[in-house]
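Visitor: I would like to learn how to read the features of a model like this one. Please start with the strands.

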Amino acid sequence: MNDTYMDARACAFRDTMICYRDDADQVRLPARAGDLRLKRLGNGALCCPRLERLEVEEGYEVIPAETIIRLSNRSGRRASLCLPATLTTVSDLAPDWPISPVGKAQLTRVELVRRLPLGEYRTLVETSVAVNGGLRLPVGVTDNHGPCRTMLQVLRAGGIGVVDPSNAEFPLFSFDDHGVRPMLFKPKKSLSRAGERPVDNENEALLRRIAQGHMGARDPMAERLNDRMQQMGEDILDKKKTVALICFDERSAVNVGGAVRFVLQALVGELFCISLRRVCLKGRDYYVYARLHLQPAGTQPAYLREDVCVYGEDRLVTDPVLSEEVYEKYRLLNTL
């Protein structure tokens with residue numbers, strides 16, 4: 001049997017795609033070249049200058065980190081990646097590969113098909129966090145032996161960290177205008193726990209929390225580190241990293257011969273939750289609002305705090321003098 005194949009687009013040797021050329025923006029990478037069944041993608045094999053979406057066919061077991069790095073680091077051109085259930089490993093991946101600063105990663109969406117025995121899939125569903133839109137967020141996503149292991153490798157190669165939803169407060173907000181300060185009243189994407197009424201903007205969520213007396217949880221270690229950076233005059237938001245939420249849609253899962261086939265998705269963006277701190281000034285309660293920008297799971301601090309504005313009991317405080325008085329007492333309390 002011939003172990004080499006070559007045509008106008010593909011060059012393959014044994015089980016490896018050596019080179020594949022395509023000028024389209026939507027590329028489907030074949031897992032067969034002539035009579036050869038391909039399992040590996042070679043380093044530098046893709047020559048697809050207009051690529052916006054890459055779909056890798058079933059059969060590939062190994063793709064190199066270099067392919068994902070190139071997709072994620074292209075200036076001015078975003079891309080999405082769809083990977084098969086047969087994929088097991090991202091090769092040549094350094095364990096300490098750095099996470100990109102927020103807004104730098106051009107790999108905006110990753111889909112990875114998975115197959116699990118029915119019992120394991122049921123455990124995954126039962127332990128995941130259900131959110132609006134029919135999505136579920138697996139917990140313990142950093143487990144190197146869990147179903148998200150290969151997705152973690154793909155994201156790490158792309159310079160993208162991952163958020164563990166078990167440590168996140170809901171609703172979670174995201175926005176795509178990197179470097180632009182998001183507005184309180186502007187509609188933006190949000191995720192709420194299943195059964196909770198979703199919110200359209202931060203102002204709506206804040207007023208609801210104030211009415212319920214729910215200030216939001218904060219991590220003591222993260223607070224100490226954020227306070228220290230603030231006192232030293234460091235630009236806290238300049239340290240934000242690109243992160244993703246891993247999720248799956250239970251409604252699209254298919255039972256095939258005793259196993260369940262489903263799709264893990266990585267939603268890449270800038271994620272933050274909301275938090276309030278009550279400050280009593282001259283006999284009245286005010287609330288300092290902070291965005292907690294989530295960082296990759298396992299890093300310190302767990303979030304970066306952006307103090308945004310001051311609220312009264314039923315509205316945003318627009319008086320700059322009063323806001324500054326509340327902030328002065330808030331900063332004093334942080335120092336103490």
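This is a predicted model: local features need pLDDT of at least 70, side-chain atom pairs count only at pLDDT 80 or more; totals for chains, interfaces and linings use all residues.

Guide: Two strands pair if DSSP finds at least two bridges between them; helices (H or I, at least four residues) and strands (E, at least two) are DSSP runs, numbered from the N terminus. Here strand β2 (residues 10–13) and strand β3 (residues 16–21) run antiparallel and are joined by four bridges. Ala 12 stands opposite Met 17 in β3. The two strands form a hairpin with two residues between them, and Arg 14 in the turn has a positive phi of about 55°.

Visitor: In which sense do β3 and β7 pair?

Guide: β3 and β7 pair in the parallel sense, over two bridges. Met 17 stands opposite Leu 41 in β7. β3 also pairs in the parallel sense with strand β8 (residues 46–47), over two bridges, where Tyr 20 has Leu 46 as its bridge partner.

Visitor: Which residues of helix α1 are buried?

Guide: Buried means under 20% relative accessible area, exposed over 50%, and partly exposed in between (1.4 Å probe, protein chains only). An α-helix has 3.6 residues a turn, so residues three or four places apart point the same way. In helix α1 (residues 65–72) the buried residues are Ala 65, Thr 67, Ile 68, Leu 71 and Ser 72. They lie on the same side of α1 because they cover an arc of only 160° around the axis; the arc is that of the directions from the helix axis to the C-beta atoms.

Visitor: How many salt bridges are there?

Guide: Side chains of opposite charge can pair when their charged atoms come close. A salt bridge is a side-chain nitrogen of Lys or Arg within 4 Å of a carboxyl oxygen of Asp or Glu. By this rule the count is 25. One of them joins Arg 305 and Glu 223, at 2.8 Å from N to O. This pair links distant parts of the chain, with Arg 305 in strand β23 (residues 303–311) and Glu 223 in helix α5 (residues 220–231), 82 residues apart. Arg 305 is buried at 4% relative accessible area, and Glu 223 is buried at 13%.

Conventions: Residues are numbered from 1 along each chain as its sequence is written. Side-chain values use heavy atoms; hydrogens and water are left out.
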